[in-house]
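Subject: Structure for your review

Dear colleague,

Please find below the structure that I am handing over to you.

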Amino acid sequence: MRIKGCEAFVTGAAGGIGTCLVAALAERGARRIHAADLPSALAKAAFPEGAGVEPLALDVTDEAAVQSAAEQCGGVTLVVNNAAIVAWEGVMSAATLATARTVFEINYWGYLHVARAFAPVLARNGGGAMANVLSEVARVNAPFCGSYSASKAAVWSATQCMRAELAAQGTHVLAVFPSTTDTPMVAGFKGEKQRPEAVADGICDALEEGVKDVCIGDHSIQTEALMRSDPKAAEQEFAALLPGADAIPD
């Protein structure tokens, strides 16, 4: 994927990894960047000036609105699914499943809405690329954010399906597995966090190198290696991170 001269569509663009990714794409010469997020988030966002960035109000859980956005952004050659939320609760200890349902609406169904709406756009423009920002906990569940982990695992599985289905139209599909990243979404998390700028640069590098999966951050790399060598050991390591642990916000 050649970033210079591309037209990009980025969800969750108004904060954390998304804002850094918009800046990184602009720095690498993207011609136009549709920065999509909720209106309240866009009102507080700071994007590079004079870099072809166009804020776009969008709720990814609204399938009709996503389809309308795809119709408006007909020149897109790169789609980045990044909009997500986290819930600091387990799947058994949570008082109700209401929050878990909301997590899946955004983190799973939102990704599918965007992917399905923009796939024909990418096809018309030569194939292009799609990047799905997942998490290291897509590989193994972290019980302190059980539904978040499950949603990322679900969209990782869907990403493999997207890759298979979109291969014929020449669309490159990248799966991104960052370690915990220092963003407003995890402000209360007291564990080790990496810089969002590093994740944005890692995504851009992976797109330009044409890799299919990329782990960004030491812990994500270690988790992938452990999942390959001893998946039960990885499960046991993450099992200790129960809801209410000292590092986890209440």
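In what follows, two residues touch, or are in contact, when heavy atoms lie within 4.5 Å. This is a predicted model, in which local features need pLDDT of at least 70 and side-chain atom pairs count only at pLDDT 80 or more, whereas totals for chains, interfaces and linings use all residues. Residues are numbered from 1 along each chain as its sequence is written, and side-chain values use heavy atoms, with hydrogens and water left out.

Leaving aside residues up to four places away in sequence, Phe-9 touches His-34, Ala-36, Leu-56, Leu-58, Ala-69, Cys-73, Val-76, Leu-78, Val-79, Val-80, Val-114 and Phe-118. Phe-9 belongs to the largest nonpolar core, which has 70 residues; together with Leu-25, Ile-33, Phe-118 and Ile-203, Phe-9 is among those that touch the most other members. A nonpolar core is here a set of buried Ala, Val, Leu, Ile, Met, Phe, Trp, Tyr and Cys residues joined through side-chain atoms within 4.5 Å. Buried means under 20% relative accessible area, exposed means over 50%, and partly exposed lies in between (1.4 Å probe, protein chains only). Helix H4 (residues 98–124) gives this core its largest share, 11 residues. There is also a second, separate core of 10 residues, including Val-86, Val-137, Val-140 and Phe-144. As general background, nonpolar side chains tend to be buried together in soluble globular proteins.

Helices (H or I, at least four residues) and strands (E, at least two) are DSSP runs, numbered from the N terminus. Two strands are said to pair if DSSP finds at least two bridges between them. On that basis, seven strands form an open sheet with parallel pairing, in the order S3-S2-S1-S4-S5-S6-S7. Strand S3 (53–57) and S7 are at the edges with a single partner strand each, so one side of each has no neighbour in the sheet. From one strand to the next, the twist averages 15°; axes are lines fitted to C-alpha atoms, for helices over the stretch in contact, and angles run from 0 to 180 degrees between N-to-C directions.

Several pairings can be followed in detail. Strand S4 (residues 78–81) runs parallel to S5 and is joined to it by four bridges, with Asn-81 opposite Asn-132 in S5. The chain passes from S4 through H4 to S5 in a right-handed β-α-β crossover, and the crossover from S5 through H5 to S6 is right-handed as well. A crossover is right-handed if, with the strands pointing away from the viewer, the path from the first strand over the helix to the second runs clockwise. By contrast, S6, helix H6 (residues 196–209) and S7 make a left-handed β-α-β unit.

Strand S5 (residues 129–133) pairs with S6 in the parallel sense over five bridges, and Met-130 has Val-173 as its bridge partner in S6. Five of the five residues of S5 are buried, so this strand is largely enclosed by the rest of the structure. Ala-129, Ala-131 and Val-133 cover one side, while Met-130 and Asn-132 lie on the other. Strand S6 (residues 172–178) in turn pairs with strand S7 (residues 213–216) in the parallel sense over four bridges, and Ala-175 stands opposite Asp-213 in S7. Helix H5 (residues 146–166) lies across S5, S6 and S7, running at about 160° to S6.

Gly-110 lies in helix H4 and counts as buried at 1% relative accessibility. Gly-110 and Val-60 are 50 residues apart in sequence, yet 4.8 Å apart in space, C-alpha to C-alpha. Ser-93, in the loop between S4 and H4, is exposed, with a relative accessible area of 53%. Between Ser-93 and Gly-146 there are 9.8 Å in space, C-alpha to C-alpha, and 53 residues in sequence.

Finally, the cysteines. The structure holds zero disulfides, a disulfide being a pair of cysteine sulfur atoms within 2.5 Å. For Cys-6, the nearest cysteine sulfur is that of Cys-204, 8.6 Å away; Cys-6 counts as buried at 4% relative accessibility. For Cys-73, the nearest cysteine sulfur is that of Cys-6, 13 Å away, and Cys-73 is buried with a relative accessible area of 3%.

With kind regards
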